[in-house]
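Trainee: Please pick one part of this model and take me closely through how it meets what lies beside it.

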Amino acid sequence: MARQLSDLDTQAQAILAKYDQKGAATLTLLHLAQDHLGHITPEVEQWVSKWTEVPPVHVREVVTFYSMYHRKPVGRNHVLFCTSMSCMLNGGDKLLCHLEKKLGIKRGETTKDGRVSIEEAQCLCNCEGAPMMSVAGEYHTDLSEKKIDQIMDGLK
Amino acid sequence: MSAANANYGLAPAGLEPVVSRYFNLPDAWKIETVLKLGAYETAKKALAGKPEDVLKVVMDSGLRGCGGAGFPTGKKWSFLPKDTKKPIYLVINADEGEPGTCKDRYILERDPHSLIEGIIMSCYAIKSHKCYIYIRGEYVLPAARTQAAVDEAYAKGFLGDNVFGSGYRVDITVHRGAGAYICGEETALLNSLEGKRGLPRLKPPFPAVVGLFGCPTIINNVETIASVMHIGRMGAENFVKWGGGAIGPHLYSVSGHVAKPGVYELPMGITLRDIIYTHAGGVRGGKKIKAVIPGGMSAKILRADEIDVKMDFDSLKAAGTMLGSSGVMVMDEDVCMVKALLYACRFFAHESCGQCSPCREGTGWALKIIERIYRGEGRLEDLDTLLSVAGGMEGRTICVFAEAAAWPIQSYIAKFRSEFEDYIKSGKSAGRDMAAAHAH
Amino acid sequence: MANITIDGKQYTVKDGITIIEAIDQTKGSDVPRYCYHPGLSIAGNCRVCQVEVEKMPRTVIACNTTVAEGMVIHTQSEKAKVSQKVVLEFLLANHPLDCPVCDQAGECKLQDYYMEYGTYDPKFNENKVKKTKKAVAIGPTINLDQERCVLCSRCVRFTDEITKTHEFGIFDRGDHAKVDVYSELNNKYSGNVADICPVGALTDRDFRFKMRVWYLAKKKSVCPGCSRGCNISIETENSRPYHLKKERVMRLKPVENPDVNKWWMCDDGRYAYKSIDAGRIEKVQVRKAGKLEETTWENALAAAGQILTEAASNPGRWAFITSPQHTNEELFLQKKFFKDALKVGKTAYAWSFDHGFEDNFLIKADKNPNTAGASEIFGAAEDISKVVDAAKRGEIDGLIIFGRDLARYGADTLAVLRAKVKTILYCGVNVNAASAVADLVLPAASYAELDGTFTNFEGRVQRIRKAIEPMQDARPSWKIVQDLAAGQGMIWKNKRSEDVFAALAAESAAFKGLTYAGLEPHGKIWSGTTAGAAETASAGAR
């Protein structure tokens with residue numbers, strides 16, 4: 001895990017080489033920085049701006065437009081809990097309440113120890129496994145209260 | 001690792017699976033597994049022939065796009081300028097986001113080499129040397145698998161400067177999105193790929209003429225391009241005649257209140273009733289169907305008495321809805337349609353890019369109305385206001401997201417109006433599914 | 001060329017233009033618009049410029065639909081009107097009811113288009129979206145109100161395409177989308193964003209709460225801030241004379257001139273109007289027993305007459321200093337009197353202090369509006385510093401200064417000059433160190449208070465117009481000179497500045513053939529010479 005942005009410079013260079021124009025690397029560079037440093041700070045915006053030659057204001061536009069970029073710290077394990085149609089039809093909304101109770105936080109919040117955060121997500125396209133959620137990028141399907149408890153208990 | 005779902009990729013008995021043939025095969029995402037089974041042979045043959053031959057076979061098949069719009073693929077490719085000094089790009093739309101749709105995820109996660117092989121052939125056909133695969137950001141595992149598959153293909157010389165020693169160059173960059181349904185709209189995808197907000201572009205010009213980085217660009221869905229390889233492999237006629245359907249095999253995602261939710265490869269033109277009862281195990285608990293969404297949440301809903309419709313582009317259009325992304329969502333008799341519409345409106349309000357005024361304001365407005373109705377504070381005139389908002393958005397925006405947001409509003413109210421009126425009058429759902437209403 | 005029909009009238013227009021351009025060029029119809037601006041790229045996001053085109057199934061936006069041969073366009077058919085109304089209702093759905101406290105009222109496109117194309121019964125009956133920044137200064141010149149914003153993106157396109165300073169962006173999505181700056185809006189053209197914002201989202205801090213725009217009288221003129229000669233509108237309070245007491249000019253706005261400044265003006269020019277009303281020489285004054293006392297024009301002209309008769313007997317020891325802040329008409333009569341008639345020993349109009357910042361957009365280094373005119377009219381002349389040096393050496397008996405603050409040469413300059421020079425006559429607009437030491441102080445009208453012409457850096461002669469009456473005793477300096485000349489027996493019968501211009505055009509090869517009428521609407525390039533620009537060369541803003 002990189003501690004600071006300059007540690008990611010080599011990777012940034014490799015990423016830029018995959019695109020025909022520098023600006024196209026914006027989303028990938030933001031993912032890279034967020035994966036290592038946890039969230040997008042103004043410093044990250046400036047760093048991406050420097051590599052892509054995109055003015056900082058337009059980098060920030062991208063950061064605020066897309067759901068996956070966090071401008072504030074989130075938990076080490078960020079939960080995207082699907083709240084779209086198939087998951088709702090299969091009782092997902094009740095299970096989200098269960099998750100909130102289990103962790104003692106509401107959607108949009110992070111546990112005090114920084115371990116887990118909950119976000120209501122729109123369709124994650126694993127509808128055949130509804131109800132489902134993504135935890136730290138990993139999809140978990142066919143949820144039940146028991147399964148949710150198991151998964152949460154296993155998180156570091 | 002997503003949970004193993006025993007129901008995926010089953011083709012009907014007696015039919016050889018096509019697009020889904022390796023969905024059940026462990027490690028099919030690794031090149032060594034599929035090479036033994038003949039992967040990349042079709043592309044090799046294609047690159048030894050003429051690009052026009054690949055074009056012809058795609059045209060002959062009548063293949064239509066599998067992303068939602070159903071535009072004939074050969075026709076789209078023919079829009080490219082015949083003589084251009086600019087590079088031609090192929091972009092794979094793997095921004096699967098339509099609620100109810102999960103089929104592309106299977107290709108990316110379980111059989112990415114079929115996509116790569118289709119890309120090689122398609123690039124050859126349209127004289128492109130560069131392909132970007134745009135995968136939605138939340139698809140972490142599918143993107144990792146696809147990237148690994150691309151790396152393997154490069155290592156074998158199936159990608160790069162000299163594909164199969166043919167002298168033709170094909171490069172692929174795997175690119176991840178960052179969470180925006182609108183990036184599934186092809187011009188929004190291009191803007192996102194260029195590093196900007198995912199705002200759809202004004203058309204004309206169309207991407208085939210002015211697309212990625214201002215260059216001629218073809219954008220196709222994952223399943224569409226994988227199908228290009230299969231058409232090349234089987235021949236257009238065999239592909240089209242598969243299972244006696246309208247244009248051969250098609251992936252249907254089935255979810256909701258069915259006993260066996262999953263991704264099914266079925267002949268296009270099978271009836272909705274067949275999909276639900278013959279293949280997906282019917283409705284759980286033996287309940288009755290109340291409503292079915294046939295083509296992803298944007299598609300207008302069908303009542304239980306309308307499920308004998310054939311699941312192809314033209315038949316569903318004639319029935320006043322659409323095949324779209326082929327995402328079938330089944331709602332049983334206990335579903336509260338007011339709540340269903342609430343969830344639909346929440347989705348569209350959350351995903352509107354906000355660029356043009358009718359959609360930006362209309363999706364937010366519609367959500368506020370349906371939330372108020374759901375909370376028990378509805379007024380009877382709200383239904384007509386909702387319809388007016390929906391109708392106002394249609395036809396007046398930059399892209400068809402507005403239509404997609406309008407159609408659920410229009411169809412749920414049209415087909416279940418008395419339920420909405422009862423709910424408003426009583427202030428609550430009459431004993432139907434009333435999970436905790438969460439204030440927004 | 002394409003033959004099209006708009007609202008039943010047939011027109012022939014250039015191929016490849018959009019319907020909105022065709023509508024604006026042919027001027028027979030109009031269509032509402034927010035995001036479209038002729039100086040910016042097409043955004044097509046407001047969706048309000050809906051028109052019906054026959055044979056097209058739905059209404060289309062006029063700004064992104066190209067005309068075609070035989071196209072039949074309706075801007076006010078039932079179909080078009082319904083579309084326009086529907087979109088307006090969406091735009092107004094979340095708009096705050098700020099009209100009573102919003103500066104845009106009276107020149108607001110939401111108000112105007114609602115009255116003209118809306119007048120529907122509003123159906124929105126929910127809580128409106130609240131946004132973070134309401135009435136927040138985003139820089140020294142502009143206030144932002146995110147709730148009033150209709151997200152037309154004109155401001156974003158302006159700072160991306162015109163100033164290329166990239167301050168504005170649109171953040172978040174859906175109906176939570178909001179315009180904001182990355183850090184602050186601080187470029188030399190920031191004021192323009194309040195002009196282009198069609199609603200009260202971006203407003204001018206200087207103008208905030210000053211005056212309701214329906215009380216403004218407007219007059220077209222030219223900015224005197226530099227040699228670009230941006231066309232402006234001087235907007236003054238009207239109908240409520242008691243309101244802001246001495247402040248008459250409320251603001252300046254740019255006026256479109258495709259050949260000079262397009263739609264824009266710089267902040268220095270925009271906010272420089274305060275000197276029209278503040279720090280003015282308001283009264284004619286004469287020095288008596290060491291102190292300046294107010295007097296009448298009659299007395300002052302009589303005193304001047306004596307002074308100038310004395311000067312005429314030994315003109316070699318007199319000097320005349322003026323500035324290219326004056327109009328061609330003023331400079332012409334100054335030259336005719338002081339140089340040709342009185343034959344003063346030294347004449348100067350230029351100094352090095354007028355040279356400043358220049359960019360490759362509108363701002364010119366020469367901070368005078370009429371250097372070309374001055375150089376054409378006066379011909380070769382010394383630098384003012386030479387005259388001041390000569391005066392310091394005791395070589396000058398009388399100094400006639402028109403509008404130059406000689407304290408620029410040092411704080412003690414005027415004290416030295418006062419000691420060495422017997423008579424100092426000052427004629428100017430604003431009080432300064434030079435006017436304070438003069439024997440006779442004649443108040444002149446500012447550029448906003450007279451008619452006349454300026455010649456810009458490329459030789460374009462443009463009209464300025466009288467927007468307000470001269471303050472108190474002030475008079476156009478060409479009239480003052482005419483009176484001074486009359487006091488020496490030279491009767492010139494010019495009644496209006498136009499007469500002076502005609503005389504100038506008759507005498508000068510550069511101005512030959514020009515008339516006030518001929519200068520409409522965008523000025524005319526003269527036949528004189530300037531430092532390298534001809535009509536066909538790429539003149540204008542960029």
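Mentor: A salt bridge here is a side-chain nitrogen of Lys or Arg within 4 Å of a carboxyl oxygen of Asp or Glu. Glu61(A) and Arg197(B) form one, at 3.7 Å from N to O, and the interface of chain B and chain A has 4 salt bridges. The model is predicted, with local features needing pLDDT of at least 70 and side-chain atom pairs 80 or more, while totals for chains, interfaces and linings use all residues. Residues are numbered from 1 along each chain, chains are lettered from A and ligands numbered from 1 as written, and side-chain values use heavy atoms without hydrogens or water.

On chain B, α13 gives the most to the side touching chain A, with 8 residues (helices are DSSP runs of H or I, at least four residues). That side has 34 nonpolar, 21 polar (Gly included) and 15 charged (Asp, Glu, Lys, Arg) residues. In total, 70 residues of chain B contact 43 residues of chain A (heavy atoms within 4.5 Å). About 4,300 Å² is buried between them (accessible area lost, 1.4 Å probe, summed over both), 57% of it from carbon and sulfur atoms. Ala178(B), Arg197(B) and Tyr343(B) supply 14% of what chain B buries there, more than any other three residues.

Chain B also meets chain C, through 34 residues of chain B and 33 residues of chain C. The area buried there is about 2,600 Å², with 51% from carbon and sulfur atoms. There are 3 salt bridges between chain B and chain C; Glu403(B) pairs with Arg58(C), their closest N and O atoms 3.7 Å apart.

Technical notes. Buried area is the accessible area (1.4 Å probe) that two parts lose on being put together, summed over both. Helices (H or I, at least four residues) and strands (E, at least two) are DSSP runs, numbered from the N terminus.
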